[in-house]
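Please read the points below with the sequence and the coordinates at hand.

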Amino acid sequence: MAEPLKAADLIRDEARRAPDGPGVYRMYGEDGTCLYVGKARSLKKRVTQYAQGRFHTQRIGLMVSLTRSMEFVSTKTETEALLLESNFIKKLKPRFNVVLRDDKSFAELMIRRDHAAPQVRKHRGAHTIKGDYFGPFASTWAVNRTLTTLQKAFLLRTCSDSVYEGRTRPCMLHQIKRCSAPCVGLIDLEAYGALVDEAEAFLSGKSRTIINRLAGEMQAASDDLDFETAARLRDRIRALSTISMENSVSAEGLAEADVFAVHAEGGQACVQVFFYRSGQNWGGRAYFPRVDRTDDEAMILSAFLGQFYEDKPVPRLILANAVPTEKALLEEAFSLKAKLNDARRVASIERPQRGDKKALVDHALTNAREALGRRLAESSAQGKILDAVVEAFGLEGRPERIEIYDNSHVQGTNAVGAMVVAGPEGFQKSQYRKFNIRGEDLTPGDDFGMMTEVMRRRFGRLVKDEEAGEEVVRPDLVLIDGGLGQLGAVREVMAELGLEDIALVGVAKGPDRDAGMERFFIPGREPFMLPMKSPALYYLQRLRDEAHRFAIGAHRKRRAMDIKKNPLDEIEGVGPGRKKALLHAFGSARGVSRASVADLIKIDGVSQALAERIHAHFRPGG
């Protein structure tokens with residue numbers, strides 16, 4: 001009982017100093033990690049409740065017992081406190097809060113308006129460019145499909161401004177009837193602007209009006225025996241009709257809404273969200289926030305919504321299968337955040353009881369139940385697989401974090417090391433890391449040396465962060481793509497850094513790189529193989545293949561960047577402007593390399609000294 005009393009005394013002391021007004025409080029544990037973030041109308045009253053042990057569940061009691069310090073931030077209103085609380089929770093991910101995980105940004109479509117020929121393209125992040133934004137789209141597939149439709153139906157350009165300015169003849173997209181080629185004047189800017197306005201109208205929900213108008217134009221062209229024009233209009237109508245039918249929803253008057261459904265079971269929860277804009281379904285995504293068994297669906301939804309919209313635009317209407325515990329406060333906070341001063345645009349949260357809107361929520365709830373069911377089934381199977389890995393490698397317990405390493409290069413060039421991370425819930429892609437091999441003393445193709453460099457950089461940083469008192473997560477198991485040689489190199493690094501307690505396993509490919517014939521190397525044991533039908537073997541193959549895929553991708557990206565490099569980039573004094581002028585005059589870097597000093601001086605912006613420097617660059621020792 002000593003620890004709870006100690007914590008209660010500390011919290012009573014904090015309560016005496018807490019402000020008697022709205023704000024946010026943070027509770028910290030022994031090691032300085034944040035345990036909980038909360039808000040209150042009166043910080044003093046809320047903290048006093050903790051000290052008195054009022055309304056404590058077993059989980060809250062444990063949280064209080066672990067608390068060693070608190071911090072307070074005062075705000076003008078409870079609404080501002082709610083917004084600040086959501087911000088802190090997303091950043092700190094406290095142990096005892098409902099935490100939204102895997103909160104990736106959503107893609108949008110943007111029609112740029114800062115160019116004479118507006119460009120349509122995908123966009124993520126803040127709206128810093130002048131233009132019209134449409135979204136969010138829940139998946140890359142959804143936004144790509146819509147972008148392709150816009151190309152087919154409205155023939156808008158997607159190329160960058162530099163490509164647009166440099167065109168002298170139509171590109172391939174014009175040849176396949178996906179661009180009207182304003183870059184070379186095949187359509188005048190006024191007519192192109194009309195296409196842009198049509199695209200904006202389509203994305204704003206006026207698809208039927210546009211389709212009807214195009215149908216009238218097609219009939220008129222057909223009546224005039226202009227069958228080529230009629231065929232082009234027919235193709236545009238088909239593209240618009242297809243996406244309109246696929247995305248249309250039956251909710252009358254649903255111009256802008258996000259639909260949420262939460263389902264909790266077995267100590268886990270799933271929140272399914274769908275985005276509806278302009279009468280179209282722009283996709284959905286399932287989230288699995290970290291929750292406690294004692295959290296009900298209303299509490300989960302309330303915490304989830306606050307974090308979800310912390311960095312996203314808020315729609316006019318939010319539909320849900322449960323009423324959040326702080327519905328009125330959330331509505332006020334969302335309206336404040338979105339600066340919806342017009343009363344007609346106040347954000348509202350509704351739980352529909354009947355009609356089309358309820359059907360949308362029920363559809364989302366069905367998806368949430370099915371997604372959570374699959375996750376629970378996968379978690380059970382994953383646990384059995386990890387138990388098999390524990391038995392195969394003689395580990396002390398289920399590994400919570402597995403790191404897999406692989407290298408990729410071509411004859412030693414553009415060498416890249418890759419780290420992939422997996423855990424009980426699958427691959428943790430946000431934790432992936434790549435290492436550009438930069439050791440100058442390495443022999444090209446020295447896999448042992450490359451692996452040594454990667455390990456020294458990865459675990460050297462880990463040790464340094466630990467010594468600095470930062471929170472780090474050590475892997476429970478490290479898998480190395482390779483045999484005894486690679487494993488030996490890694491063991492030396494780990495011994496040098498004092499990390500011999502981390503389990504190491506080398507995975508060597510079988511003869512002819514056959515899957516199922518892998519040999520495993522563990523310090524102190526003879527090399528061994530796993531049974532062909534072993535679930536652990538299939539799992540380890542997946543881990544190795546994912547590391548290989550990631551390493552290959554990183555290597556190809558680095559090689560592609562090298563290929564794109566221009567020799568002119570290496571010459572001091574040759575910036576983008578002079579580079580463009582040189583390439584325009586001589587056609588290519590090779591043409592520049594053949595030019596004389598006299599020829600180079602003729603280029604605008606190239607002085608005698610710079611011409612001599614360019615000339616000498618292509619003739620080292622000449």
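The structure is a predicted model. Across the whole structure, a search finds 16 aromatic pairs, and two of the topics below concern strands: an open sheet in the order β5-β4-β6, and strand β1, which is joined by bridges to β3 and to β2.

**Aromatic pairs between distant parts of the chain**

- Among the 16 aromatic pairs is the one formed by Phe393 and Phe520, which is tilted, with 5.7 Å from centre to centre and 55° between the planes.
- This pair links distant parts of the chain, since Phe393 belongs to helix α13 (residues 355–393) and Phe520 to strand β18 (residues 519–521), with the two residues 127 residues apart; both Phe393 and Phe520 are buried.
- The pair of Tyr432 and Phe550 is edge-to-face, because the ring centres are 5.1 Å apart and the planes stand at 65°, an angle over the 60 degrees that this class requires.

**An aromatic cluster and charges over rings**

- Ring pairs join Phe260, Phe275, Tyr287, Phe304, Phe308, Tyr309 and Phe334 into a cluster.
- Phe308, one of the residues of this cluster, also has the charged end of Lys312 over its ring, 4.6 Å from the ring centre.
- A further charge is placed over an aromatic face at Phe459, where Arg458 lies at 5.0 Å from the ring centre.

- Strand β4 (residues 107–112) pairs with β5 in the antiparallel sense over four bridges, and Leu109 stands opposite Lys122 in β5.
- Helix α5 (residues 140–154) lies across β4, β5 and β6 and runs at about 175° to β5, whereas helix α8 (residues 189–203) lies across β4 and β6 and runs at about 150° to β4.

**Strand β1 and its two partners**

- Strand β1 (residues 23–28) is mostly covered, with six of its six residues buried.
- Gly23, Tyr25 and Met27 point one way from β1, while Val24, Arg26 and Tyr28 point the other way, and all of these residues are buried.
- Strand β1 is joined by six bridges to strand β3 (residues 69–74), with the two running antiparallel, and Arg26 stands opposite Glu71 in β3.
- Six bridges also connect β1 with strand β2 (residues 34–40), again in an antiparallel arrangement, and here the bridge partner of Tyr28 is Cys34 in β2.
- The hairpin of β1 and β2 has five residues between the strands, and within this hairpin Gly32 takes a positive phi near 85°.

Notes. Residues numbered from 1 in each chain as written. Predicted model: local features only at pLDDT ≥ 70, side-chain atom pairs only at ≥ 80, totals over all residues. Heavy atoms only, no water. Phe/Tyr/Trp six-rings, centres within 6.5 Å; stacked < 30°, edge-to-face > 60°. Buried < 20%, exposed > 50% of the residue type's maximum accessible area, 1.4 Å probe, protein only. Lys NZ or Arg CZ within 6 Å of the ring centre and 35° of its normal. Pairing = 2+ DSSP bridges. Contact = heavy atoms within 4.5 Å. Axes fitted to C-alpha atoms, helices over the stretch in contact; angles between N-to-C directions.
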